[in-house]
Amino acid sequence: MKFFPDSALVQLEYEKVKALLEQHCLTAYAKSKADHLRIHTKKEFIETELKQTDEFKLIAQSGVYFPNDFILNVEKEIHAAISIL
């Protein structure tokens, strides 16, 4: 993907933002996702992600219990299931 200006990612300190995000991740899977984060330009994708972020923010602010205290990494099992198909 081409950015304008070429120095846009440096000016926005994109790698620093990714590193800060990764520090807040609790699982290896989340850290990997944060490390491989990329910029999206499709409006539909961005809107969906923003809605999900807003929904989680509202849950966190309201004090409602959200069951994310034991997240299992099932990535290996998913890949094994996909390879069978």
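**Entry 1**
Is Phe 56 buried, partly exposed or exposed? I looked it up: Phe 56 counts as partly exposed, at 38% relative accessibility. My cut-offs were under 20% relative accessible area for buried, over 50% for exposed, and partly exposed in between, with a 1.4 Å probe and protein chains only.

**Entry 2: ground rules**
I am working with a predicted model, where local features need pLDDT of at least 70, side-chain atom pairs count only at pLDDT 80 or more, and totals for chains, interfaces and linings use all residues. Residues are numbered from 1 along each chain as its sequence is written, and side-chain values use heavy atoms, with hydrogens and water left out.

**Entry 3: the overall build**
I found five helices and zero strands in the protein. Here helices (H or I, at least four residues) and strands (E, at least two) are DSSP runs, numbered from the N terminus. Next I checked the spread: the protein has a radius of gyration of 16 Å, well over the 12 Å that the globule rule gives for 85 residues, so it is more spread out than a compact globule. That radius is taken over C-alpha atoms, and the globule rule is 2.2 Å times the number of residues to the power 0.38. Along the principal axes, the C-alpha atoms fill a box of roughly 40 × 40 × 25 Å. Of the 85 residues, 7% are buried. The protein exposes about 7,900 Å², and carbon and sulfur atoms supply 63% of that area. Accessible areas come from the Shrake-Rupley method with a 1.4 Å probe; for residues, only the protein chains shown count as cover.

**Entry 4: back to Phe 56**
I searched for aromatic pairs and the count came to one. The rings of Phe 56 and Phe 66 have centres 5.1 Å apart and planes at 85°, so I noted the pair as edge-to-face. The rule pairs rings of Phe, Tyr and Trp (its six-membered ring) if their centres lie within 6.5 Å; planes under 30 degrees apart are stacked, over 60 edge-to-face, and the rest tilted. This pair links distant parts of the chain, with Phe 56 in helix α4 and Phe 66 ten residues away in the loop between α4 and α5. Phe 66 is partly exposed too, at 37%.

**Entry 5: charges that meet**
How many salt bridges did the rule give? I counted three, each needing a side-chain nitrogen of Lys or Arg within 4 Å of a carboxyl oxygen of Asp or Glu.
- Lys 16 joins Glu 13, with the closest N and O atoms 3.9 Å apart; Glu 13 is partly exposed at 43%.
- Lys 18 joins Glu 15 at 3.6 Å, and both lie in helix α2, three residues apart, about one turn of the helix.
- Lys 43 joins Glu 47 at 3.8 Å, and both lie in helix α4, four residues apart.

**Entry 6: a closer look at Lys 18**
Leaving aside neighbours within four places in sequence, I found Lys 18 in contact (heavy atoms within 4.5 Å) with Ala 34, Asp 35 and Leu 37.

**Entry 7: a nonpolar patch**
Last, I looked at Leu 72, Val 74, Ile 78 and Ile 82, which form a nonpolar surface patch with about 400 Å² of accessible area together. Patch residues have over 30% relative accessible area and no salt bridge; like charges are joined within 9 Å, and nonpolar side chains (Val, Leu, Ile, Met, Phe, Trp, Tyr) within 5 Å. Val 74 sits in the loop between α4 (43–62) and α5 (75–84) and is partly exposed at 40%.
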